[in-house]
Amino acid sequence: QTSFYGRFRHFLDIIDPRTLFVTESRLKEAVQLLEDYKHGTLPPGVTNKEVRGKSAIIHPDTNETIFMPFRMSGIVVGLLLPNQTLASTVFWQWLNQSHNACVNYANRNATKPSPTSKFIQGYLGAVISAVSIAVGLNVLVQRANKFTPATRLLIQRFVPFPAVASANICNVVLMRHTELEEGIDVLDSNGNIVGSSRIAAKHALLETALTRVVLPMPILVLPPIIMSILEKTSFLRSRPRMILPVQSLVCLAAFGLALPLAISLFPQMSEVST
């Protein structure tokens, strides 16, 4: 976890969709094996494969099981659908930020309890900002008569990125604002809690916000470029019904690469100077 490559490999396991289908009994077995390892009673022949995925399902602070759709391996696509109407733009931005809010809450730093009102505040702020920016940019593009229809369509496909990036920052800041006021627990080199720090909270919040800006870049920038090229091929021109399945595969590939890259930028346990 001290190197980017190590964190990248770790998060490839975290976002593995197969972790969504791990049964409660299998999870208990993995947790028990880790306990056995700590106490030196691990049976012979146990491999990493038998315990992988535990950190994708169990919250590190609360030790509670994260609800399946809100684990890091959950995915929402639909923001990149071409020729979106005002209603579809609002719907997909709302759905995406609803999912993001729940993911942020389920995977939050839980060393300090946060009231439900903060969650609602962050959720509303993220949804309003995402919808406002997305709708506003779409209206501006549609009124830009200087652009050709093809150019206008291409620009519209890039509209989700600034909307999602700004809303992600708003979502994180509003939902975790309590940490800035009260601080988060800081540990010494032995893992003992030595106090609560607002400086550490600011440090953590800044890093989280940066990952939320980097995260949608490959997802919302690469697929529009790739799809604009693929849609010109004879295969998709003669089979328009294949556009959505192909776009879903392109988005899935981009998401599978972008998510571990973004959340590997910073270590989950950071050091700050005293």
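Let me start with residues 213-230. This span is 94% helix and 0% strand, and its end C-alpha atoms lie 27 Å apart. Keep in mind that what we have here is a predicted model.

The unreviewed UniProt entry lists residues 213-230 under "transmembrane region", along with 75-95, 120-141, 153-174 and 242-266.

A polar atom of the S228 side chain is 2.7 Å from the backbone oxygen of I225. Which residues does S228 touch, leaving aside those up to four places away in sequence? They are L154 and R157.

Those two take us to another span from the record, residues 153-174. In the model, residues 153-174 are 95% helix and 0% strand, with 33 Å between the end C-alpha atoms.

Next, M175, which belongs to helix α7, residues 160-175. Is M175 buried or exposed? M175 counts as buried, because its relative accessibility is 9%, and the cut-off for buried is under 20%. M175 is 52 residues from Y123 in sequence, yet their C-alpha atoms are 7.4 Å apart in space.

Last, the surface. F4, V214, M217, L257, L261 and L265 make up a nonpolar patch there, and together they have about 450 Å² of accessible area. One of these patch residues, L257, is located in helix α12, residues 243-263. L257 has 46% relative accessibility, so it counts as partly exposed.

That is what I have for today.

How values were computed. Residues numbered from 1 in each chain as written. Predicted model: local features only at pLDDT ≥ 70, side-chain atom pairs only at ≥ 80, totals over all residues. Heavy atoms only, no water. UniProt positions renumbered as here; feature names shortened; annotations may be inferred. Helix = DSSP H or I, 4+ residues; strand = E, 2+ residues; numbered from the N terminus. Polar contact = N/O pair within 3.5 Å; in protein donor to acceptor, adjacent residues only side chain to side chain. Contact = heavy atoms within 4.5 Å. Patch = residues over 30% accessible without salt bridge, like charges linked within 9 Å, V, L, I, M, F, W, Y side chains within 5 Å. Areas by Shrake-Rupley, 256 points an atom, 1.4 Å probe, with all protein chains shown as cover. Salt bridge = Lys/Arg side-chain N within 4 Å of Asp/Glu carboxyl O. Buried < 20%, exposed > 50% of the residue type's maximum accessible area, 1.4 Å probe, protein only.
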